[in-house]
Amino acid sequence: MGMLSFISTVPYLRPLSSLPSPTATATSLVVTRYSIQASTIRSKIEADNASEEQLGRRDILICVGATIGMEMIASLGSFVEKANAADLIQRRQRSEFQAKIKGTLYTALKGNPDLVPSILTLALNDAVTYDKGTKSGGPNGSIRFSSEISRPENKGLSAAVDLLEEVKKEIDSFSKGGPISFADLIQYAAQSAIKSTFLASAIRKCGGNEEKGNLLYTAYGSNGQWGLFDKQFGRSDTQEPDPDGRVPQWEKASVQEMKAKFSAIGFGPRQVDLITTLTKLSTLGQQINYEAYTYPVRKVDFSKLKL
């Protein structure tokens, strides 16, 4: 009597349903053993020598395919777990870095509240250089270059750039994943500027009480609305100024000219929510690097530990 066996181990396999008894007398299929946790499946196909030809090639291929598939699932488990673990570590690293950036920017703007409007204009003008036709420009930090910051539309913004250069030095000093890009810094400065205005308004409504103002600010739901913006973290800097003539002089532009400019970069007439608008502006033409500012975790050699 000939016998063909296939063995495979699959973790966390659900109990198999009972198999129907075979009707053919020449061939029988027996499942001998399986377990719910770290199950072992053993399939035996027994055939009489006299009727061995009845075991078709299709049946053998099905058994082989099932066995290989089970082995692949079992072997992939460890890789998936490692990938998930690495992803969680990177998210934590980026989140911790973001928190420090926001704290640094909050302190800087709190000491320079007069620069809040300039910071917002700086982020806007850096972003609206985006050209939809050529897919060039956008929030790439090009406004930091002297040839671009000196243009008429950027008049009065040099002080904001100077402040962010000082903030960048401080952030880079504690960054473990490399220096922050100007593209990210400018947009996060704008986020901090908007938050500071929201918070100041909340504190005023609470009669100057900062504790109640902070509570009211949280009740606005602003922190939750920034979720998508915070994910877009990893913009890259350009190494040259963006082309001239793409940014209007806002104080001289008519309403129609402003609408035309925002329409040209992909904004519709209903784009009125400030947080959503900044989030969309801050990613125009950018390929976000979601691994930016992460760093390898040092492994501990347990063999060198003295117990």
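Angles under 35 degrees count as roughly parallel, over 145 as roughly antiparallel, 65 to 115 as roughly perpendicular and the rest as oblique. The axes in question are lines fitted to C-alpha atoms, for helices over the stretch in contact, and the angles run from 0 to 180 degrees between N-to-C directions.

This is a predicted model, in which local features need pLDDT of at least 70 and side-chain atom pairs count only at pLDDT 80 or more, while totals for chains, interfaces and linings use all residues. Residues are numbered from 1 along each chain as its sequence is written, and side-chain values use heavy atoms, with hydrogens and water left out.

**Whole chain**

Begin with the protein in cartoon view, where 10 helices and 3 strands are found; these are DSSP runs (helices H or I, at least four residues; strands E, at least two), numbered from the N terminus. Along the sequence the pattern reads β-β-β-α-α-α-α-α-α-α-α-α-α. Of the 307 residues, 35% are buried, where buried means under 20% relative accessible area, exposed over 50% and partly exposed in between, with a 1.4 Å probe and protein chains only. In a surface view, the protein exposes about 19,000 Å², of which carbon and sulfur atoms supply 57%; the areas come from the Shrake-Rupley method with a 1.4 Å probe. Among contacts (heavy atoms within 4.5 Å) with a separation of 6 or more, 73% join residues 24 or more positions apart.

**Helices H5 and H10**

Next, select residues 182-205 (H5) and 274-281 (H10), whose axes come within 11 Å and cross at roughly 175 degrees. H5 and H10 are therefore roughly antiparallel to each other. On H5, show Gln187, Ala190, Gln191, Ile194 and Phe198; on H10, show Leu274, Ile275 and Leu278, which complete the contact. These residues divide into 6 nonpolar, 2 polar and no charged.

**The nonpolar cores**

Now display Ile101, Leu105, Leu122 and Leu164, which touch the most other members of the largest nonpolar core, a set of 38 residues. A nonpolar core is a set of buried Ala, Val, Leu, Ile, Met, Phe, Trp, Tyr and Cys residues joined through side-chain atoms within 4.5 Å. At least two residues of this core come from each of H1 (57-111), H2 (116-127), H4 (158-174), H5 and H10. H5 gives the largest share, 10 residues. Centre the view on Leu164: leaving aside residues up to four places away in sequence, Leu164 touches Leu105, Ile119, Leu122, Leu185, Ile186 and Ala189.

**Ala183**

Return to H5 and select Ala183. Ala183 counts as buried, at 0% relative accessibility. Not counting residues up to four places away in sequence, Ala183 touches Pro139, Asn140, Gly141, Arg235, Ser236, Asp237 and Gln286.

**Two positive phi angles**

Finally, select Lys135, in the loop between H2 and H3 (146-149). Phi of Lys135 is near 55 degrees, a positive value in a residue other than glycine, and Lys135 is exposed, with a relative accessible area of 57%. Then move to Tyr293, in the segment after H10. Tyr293 has a phi near 70 degrees, a positive value in a residue other than glycine, but Tyr293 counts as buried at 8% relative accessibility.

Key: Nonpolar A, V, L, I, M, F, W, Y, C, P; charged D, E, K, R; others polar.
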